[in-house]
Amino acid sequence: MWTYFNIITYLTIALWLLAGGLIYSKSKALWSLAVISHLVATMVVGGFIILLWKNLERPPLRTLAETRIWYAFFMGLIGYAIFLLYRQKWMLSYSSVMGTVFVGLTYTHPDTMNKALMPALQSVWFIPHVIVYIFAYAMLGMASLTAFYGIYRYKKGQEIHSVFAITDQLIKIGYVFLTFGLLFGALWAKEAWGHYWTWDPKETWAFITWLGYLMYLHHKYNHKEKKPLQSFIIVGIAFVLLLICWFGVNYLPTAQMSVHTYSG
């Protein structure tokens, strides 16, 4: 199945780049073409995930490359949904760019794909845990972009409360899925290793990330919308923690003994 991924890569990147460029056109026909191109590219990635799942005879959620494909798919869906809700063209173009980046990364840095699934991954909690986490990461990644955009508008002396409203909605949804991911992970750990929590490096950084976004919610609750700039900064810091949890923890010395190293 992976022999056809080069075709998927070229097709989706072409469609997403087309969408990201034409969305700013003043022509209604070109504008509509951009939206259709974006949606088609997203559906192509989603279709590839389904076919890959069938071919591997397991959920394609084991390796980093496989999760990048899911991330590209969710970013495409979220960008399209936000565009429909808020008519923010820049969000559609951003999600197109991110879809292009993650599909391109998977094409240039593929992991070894096989049907093998280690015993710890043969759990009923494997699929919901990983999928809700990837969806949460996509939502929170989008929220981080809006936060950085809010900081940019603040520096320019422009109105930021509309951007803050979008950021807040994205974080609320993302945080719910992040929480479910944490809970599903604990149930999975109990089934696989006999303990709900062992302070494994991955678990620890997942909890730190969860606390980072909880800090944002706490700040927002106490200050309402009076200090949006501070809220944007907290979102940025929380996103750095998320990146460490997703990628950076793999490079920590303690990660060598982590039970969450599946692809090595």
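**Figure 1. Burial and overall form of the protein chain.** Buried residues account for 50% of the 264 residues in the protein chain, as judged from a predicted model. The chain contains 8 helices and 0 strands, so that, from the N terminus on, its elements run α-α-α-α-α-α-α-α. Along the principal axes, the C-alpha trace spans about 55 × 50 × 30 Å. The radius of gyration is 19 Å, which agrees with the value near 18 Å that a compact globule of 264 residues would have. Among contacts between residues at least 6 apart in sequence, 79% join residues at least 24 apart. The accessible surface comes to about 13,000 Å², and 70% of this area belongs to carbon and sulfur atoms.

Figure 2. The largest nonpolar core holds 62 residues, and the members that touch the most other members are Y71, I78, Y137, M142, L170, L178 and Y213. At least two residues of this core come from each of α1 (5-22), α2 (28-56), α3 (64-86), α4 (89-108), α5 (126-155), α6 (161-193), α7 (201-223) and α8 (228-246). Helix α5 gives the most to this core, with 14 residues. Apart from this core lies another one of 6 residues, including L22, A34, V35 and F83.

**Figure 3. Surroundings of L170 within the largest core.** L170 belongs to the group of residues that touch the most other members of the largest nonpolar core. When residues up to four places away in sequence are not counted, L170 touches I78, I82, M139, M142, A143 and T146. Two of these partners, I78 and M142, are themselves listed with L170 among the core residues that touch the most other members.

**Figure 4. The salt bridge between R58 and E66.** The count of salt bridges in the model comes to 3, and one of them joins R58 with E66, whose closest N and O atoms are 2.8 Å apart. Side chains of opposite charge can pair when their charged atoms come close. R58 counts as buried because its relative accessibility is 3%, under the 20% limit for burial. E66 likewise counts as buried, with a relative accessibility of 1%.

**Figure 5. A network of salt bridges around D168.** D168, K172 and K220 are linked in a network of salt bridges. The side chains of K172 and D168 meet in a salt bridge with an N to O distance of 3.1 Å. These two residues lie 4 residues apart in helix α6, and they are therefore separated by about one helical turn. A salt bridge also joins the side chains of D168 and K220, with an N to O distance of 3.1 Å. This pair links distant parts of the chain, since D168 lies in helix α6 and K220 in helix α7, 52 residues apart. D168 and K220 are both buried, the relative accessible area of D168 being 5%, whereas K172 counts as partly exposed at 36% relative accessibility.

Figure 6. I173, V176, F177, F180 and L183 make a nonpolar surface patch of about 420 Å². One of these residues, I173, has its place in helix α6. At 39% relative accessibility, I173 counts as partly exposed, because this value falls between the limits of 20% for buried and 50% for exposed residues.

**Figure 7. The position of G99 in helix α4.** G99 is found in helix α4, where its relative accessibility of 0% makes it count as buried. With residues up to four places away in sequence left out, G99 touches W16 and A72. G99 and G79 are separated by 20 residues in sequence, and their C-alpha atoms lie 9.8 Å apart in space.

**Figure 8. The exposed residue I50 in helix α2.** I50 is found in helix α2 and is exposed, with a relative accessible area of 59%. The C-alpha atoms of I50 and P60 are separated by 8.8 Å, while the two residues are 10 residues apart along the chain.

Technical notes
Residues numbered from 1 in each chain as written. Predicted model: local features only at pLDDT ≥ 70, side-chain atom pairs only at ≥ 80, totals over all residues. Heavy atoms only, no water. Core = buried A, V, L, I, M, F, W, Y, C linked by side-chain atoms within 4.5 Å. Buried < 20%, exposed > 50% of the residue type's maximum accessible area, 1.4 Å probe, protein only. Contact = heavy atoms within 4.5 Å. Salt bridge = Lys/Arg side-chain N within 4 Å of Asp/Glu carboxyl O. Patch = residues over 30% accessible without salt bridge, like charges linked within 9 Å, V, L, I, M, F, W, Y side chains within 5 Å. Areas by Shrake-Rupley, 256 points an atom, 1.4 Å probe, with all protein chains shown as cover. Rg over C-alpha atoms; globule rule 2.2 N^0.38 Å.
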